[in-house]
Amino acid sequence: MSFELSESPSSVHWCHCGMCRRATGSASAVLVWASRSAIAWKGVPARYRSSSVAERGFCGTCGTPLFLDYERSHEIVLMVGAFDDAASLRPQHHYGIESVLPWDDRRDDLPRAATDLDDPVLQGLVPTPPRKPG
């Protein structure tokens, strides 16, 4: 499962929200925002509904997280780890800082913003609860 992006992303940023932590299994995610029309998929990604407003995509063969697909956005949010050239995609800011883990003390000078629940893309957001083992 792979993809090609035909234009530069509109934004690259760290996300510290709990949904991104669960989706990546990490303390935060680096997200790459790009126009849907700029993505050419090689294969069909598997999907699951991660909240009331979005689906997450992943490789059905290896499980690599690939994207976050908000229903109300003209862009798709790709995971930086899914890019072959991830080193060229430098984050420009931090988002969801209200959820930063207390030990995650990155000392960079990037701008920081809280999750904006007034953003039309997030209207009606209800996260899907994590599955319990067993």
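Predicted model: local features only at pLDDT ≥ 70, side-chain atom pairs only at ≥ 80, totals over all residues.
The largest nonpolar core comprises 16 residues, of which Cys15, Cys20, Leu31, Tyr70 and Val77 touch the most other members. At least two residues of this core are supplied by each of helix 1 (18-24), strand 3 (29-35), strand 7 (65-70) and strand 8 (75-79), and strand 3 gives the most, with 3 residues. Apart from this core lies another, of 15 residues, which includes Ala34, Cys59, Ile76 and Ala82. When residues up to four places away in sequence are not counted, Tyr70 touches Trp33, Arg36, Val53, Ala54, Val77, Val121 and Leu122.

Aromatic pairs number 5 in the model. In one of them, the ring centres of Phe3 and Phe83 lie 5.1 Å apart with the planes at 90 degrees, and the pair is therefore edge-to-face. Because Phe3 belongs to strand 1 (residues 2-5) whereas Phe83 lies in the loop between strand 8 and strand 9 (93-95), this pair ties together parts that are 80 residues apart in sequence.

Ser11 is located in strand 2 (residues 11-15) and, with a relative accessibility of 14%, counts as buried. Leaving aside neighbours within four places in sequence, Ser11 is in contact with Leu31, Val32 and Trp33, as well as with Gln92 and His93.

Technical notes: Residues numbered from 1 in each chain as written. Heavy atoms only, no water. Helix = DSSP H or I, 4+ residues; strand = E, 2+ residues; numbered from the N terminus. Buried < 20%, exposed > 50% of the residue type's maximum accessible area, 1.4 Å probe, protein only. Contact = heavy atoms within 4.5 Å. Core = buried A, V, L, I, M, F, W, Y, C linked by side-chain atoms within 4.5 Å. Phe/Tyr/Trp six-rings, centres within 6.5 Å; stacked < 30°, edge-to-face > 60°.
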